[in-house]
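Me: I'd like to learn how to read helix packing. Please take me through it step by step.

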Amino acid sequence: MLRIKSLIIAAALCFGCGVHAVEITQTSVKSEGKTYPFTQGQPFIVGETVYVPVSEFFQAFGYDVIIEQGIDALSVFGDGKQSVILLDNSEHIVGYSMYRYRQPSRFVDGREYIPLDLAEDICGREITVTEPITSLQGVVIGDDYRISEESVVDCGNCYVLNREYMFSPVTVHDRQAEKYAYIVNRIAESVPEAQVYSMLVPDSYEIYAPKRFYTDQRRAFGLINQNLSERVKSVNTTDALLSHANEKIYFSTDHHWTHRGAFYAWEAFAKEKGFEELSLESFEKADTDAFTGSYIQRLGKGFTAADVLSKPTETMERFLPQYDATVTIYSDGGMEKMIGRVPLINTKNNSYSCFISGDHPLSVIESSVGNGKKLAIIKESFGNALATWAVNNYQYVYVIDIRGFSGGKLKISDFYAKTHFDDLLIESYPTTVESKELSGYLEEMAG
Amino acid sequence: MKSKIIIGILAFMLSMSNVLAMNGEEKKISVTVNGTQIEFEDQQPVIINERTLIPIRGVMEAMGKNVSWEAETSSVVVSDDTTTVKLAIGSNVMYQTVIDSANNEAVSFEVPLDTAPMLINDRTCLPVRAVAEAFMATVDWDGESQTVMIVTADLLC
């Protein structure tokens, strides 16, 4: 009798263990023996992260999803608890506490999606993916150059892979990508006499980091480009860089591209303009093995370079200009308040700041190329290395840092009236696009 | 005896099958009022739109304020002898009334909020900085310990 009782209890308990299992496929979610089709949004994968549509997924558990007024969030009510999904965010409230997730929620084609690990935590059930899920978009950056993962250390502000490669993932959300395109269009409208170009630079981890960190910036760039007005030409920097991904086009301990990487981007722009091709091999070089990168300063508290890196410095190539160039720094757009003069490339400086001496409100470069052409570059720091290549094709290069004129102190239309530049190149990397603060500085320049 | 052990193990496995380890990394936020840590019995403080929202009752009472709920407007009212603030769930406006000590007249005004109050797990969570500063308390944030530190006006020199 006791044996039968034990068997019955064991069977009941085994059944109890399986009752919360959830399976998802490309087209449905299955829970407690019932199948609920995804009729509107379907799951997709970005890198190695599966995303599920919020409303349809939680319907399978009888959960309610409501939009919270006054904040960018959705509340999910079910099983006696409330969870709050913060939109375009990596931190969410599950039950009574706040949790941070590796990948953020996303808004795609009018629907909110969350990563599977967050969905598991909210519904308190393990979710199994029982068939391959399609990628968010057809063309992704492939895995050809990804570094095999031996070790990853989370240093708070960045990751360190294999004690060598440092990176800090940034997801560009659809909403912010669309807003960025709108901002670029407004700037283009402000200078109808100039030709405007948009240059978007992907982060190195999209190409080199393990797939689980992939955020599909290429998708975001595609979204921006398809929303740009006809007045703006986009420069395909992603493919230009990918075609040289086996070269050192990014630093390992710094978030920037290298001088070589900036060259390939410039080459893509020059091709668009019909300029004569430059040959990298024709440039004299001043290289160093003592480059110190920006991520070293970004290590979180409790981490030192010696702890996490095999070597705290790396090599840096510097291609010396073929034309003479003077660089004058101003604190104002009217070019009345001169701060100083600096070399185009400072070979005594072994950091990224060697390029036009780093970030300043306005750096005016005059090149002995002497062709009278004028280029304005609106940039953040990626534009510094890029500007050093512009001296080969433009006599005047006006390098405007978006952070140098916050509060609307520079209007691009006023600057055009002063300088009559021929071309305007707006260069941004993903952090600028995603950051409301940084893209806001750009927006302030419109008009 | 053997069957009792088996049943015990299986029962333990059942209880564990309902408890999954969280995938997310918990962000614990603490709140102190005049140096004393506030204990939250269930809903914890959270950060939304870079503003810390806290279940309001415990903190306000530690600050010596009265807290009441106005059901018809889904609003919480926090008050002391001279100041009253009213915040509605989902509204980005805080209504403040201050008694001017010079002439005993009430002055009312609106304070815009970056983040609206929320009901989370039946707890009214308010943006702590806006409410505390309405009562002239100082609010500091210690990023290292993830602590909101409130010092009430009567303790400020």
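Me: How are α8(A) and α11(A) oriented to each other: roughly parallel, roughly perpendicular or oblique?

Reply: First, the ground rules. This is a predicted model, where local features need pLDDT of at least 70, side-chain atom pairs count only at pLDDT 80 or more, and totals for chains, interfaces and linings use all residues. Residues are numbered from 1 along each chain as its sequence is written, chains are lettered from A and ligands numbered from 1 in written order, and side-chain values use heavy atoms, without hydrogens and water.

Reply: Two packed helices are described by the angle between their axes and the distance between the axes. Here, α8 (residues 259-273) and α11 (residues 382-390) of chain A pack at about 60°, axes 9 Å apart. α8(A) and α11(A) are therefore oblique (under 35 degrees is roughly parallel, over 145 roughly antiparallel, 65 to 115 roughly perpendicular, the rest oblique).

Me: Which residues of α8(A) and α11(A) meet?

Reply: Contact means heavy atoms within 4.5 Å. From α8(A), Phe263(A) and Trp266(A) are among them; α11(A) contributes residues including Leu386(A) and Trp389(A). By class, that contact has 8 nonpolar, 2 polar and no charged residues.

Me: At what angle do α4 and α6 of chain A pack?

Reply: About 40°, with the axes of α4 (residues 174-190) and α6 (residues 217-227) of chain A 8 Å apart. The contact includes Tyr180(A) of α4(A) and Leu223(A) of α6(A). Its residues divide into 6 nonpolar, 2 polar and 3 charged.

Note on methods. Axes are lines fitted to C-alpha atoms, for helices over the stretch in contact, and angles run from 0 to 180 degrees between N-to-C directions. Helices (H or I, at least four residues) and strands (E, at least two) are DSSP runs, numbered from the N terminus. Ala, Val, Leu, Ile, Met, Phe, Trp, Tyr, Cys and Pro count as nonpolar, Asp, Glu, Lys and Arg as charged, and the others, Gly among them, as polar.
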